[in-house]
Amino acid sequence: MNHSQTQDEKYLRMAFAVAAAARDKGQHPFGCIMVGPEGDVLLEQGNAFATDGHDMTAHAERILASRASRGWDVEFLSKCTMYTSAEPCAMCAGAVYWAGIGRVVFGQSEHDLKIQTGNHDENPTLDLPCRTVFAAGQRDIEVVGPLLADEAAALQEGFWAEK
């Protein structure tokens with residue numbers, strides 16, 4: 001699939017919609033989708049912190065990467081893109097790497113998320129760029145972002161103060 005900024009923005013806004021739906025259900029406001037090489041949306045995943053009994057590892061990106069790894073082989077996943085409302089944290093970047101997903105497009109950076117959310121018990125943000133995590137590995141993962149960062153940040157507005 002040829003990637004254009006217009007396509008990336010379209011799919012990223014779909015991930016934002018997943019994050020907004022997660023927030024509407026009382027979840028942390030994060031969401032992602034996985035798009036296949038032909039442009040089909042193959043998976044979507046919102047944060048599952050509350051659903052999974054306050055599981056601090058139930059980030060949308062980690063769960064989606066696990067689901068993708070169970071569903072497809074690395075050769076196929078290397079041609080797929082994960083679109084996510086916020087930059088994958090170190091844990092999620094590791095999951096993306098191990099699953100073999102070949103491309104990540106994110107909205108809000110971890111750095112900006114940490115500034116916006118503060119030191120919240122349910123979201124002790126790691127300010128470690130996913131590019132740094134991926135660069136330590138042996139697979140090439142293309143990263144685009146931050147993209148539509150203001151729209152992504154709007155998903156978080158007011159949420160962490162309410163908790």
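Two strands count as paired if DSSP finds at least two bridges between them. In this predicted model, strand β1 (residues 31-35) and strand β3 are joined by four bridges and run antiparallel. Strand β3 (residues 81-86) also pairs with strand β4 (residues 103-108), in the parallel sense. A second topic of this briefing is the packing of helix α2 (residues 60-71) with helix α4 (residues 90-99).

**Strand β3 and its partners**

- Five bridges connect β3 with β4.
- On the β4 side, R103 stands opposite T81.
- Strand β3 is mostly covered, with six of its six residues buried.

**Packing of helices α2 and α4**

- Two packed helices are described by the angle between their axes and the distance between the axes.
- For α2 and α4, the angle is about 15° and the axes lie 8 Å apart.
- Angles under 35 degrees count as roughly parallel, and α2 and α4 are therefore roughly parallel to each other.
- The crossing in which α2 passes α4 is left-handed.

**Residues at the helix contact**

- Helix α2 contributes E61, R62, A65 and S69 to the contact.
- These residues meet M91, C92, A95, V96 and A99 of helix α4.

How values were computed:
Residues are numbered from 1 along each chain as its sequence is written. This is a predicted model: local features need pLDDT of at least 70, side-chain atom pairs count only at pLDDT 80 or more; totals for chains, interfaces and linings use all residues. Side-chain values use heavy atoms; hydrogens and water are left out. Axes are lines fitted to C-alpha atoms, for helices over the stretch in contact, and angles run from 0 to 180 degrees between N-to-C directions. Helices (H or I, at least four residues) and strands (E, at least two) are DSSP runs, numbered from the N terminus. Angles under 35 degrees count as roughly parallel, over 145 as roughly antiparallel, 65 to 115 as roughly perpendicular and the rest as oblique. A crossing is left-handed if the near helix is turned anticlockwise from the far one by less than a right angle, and right-handed if clockwise. Contact means heavy atoms within 4.5 Å. Buried means under 20% relative accessible area, exposed over 50%, partly exposed in between (1.4 Å probe, protein chains only).
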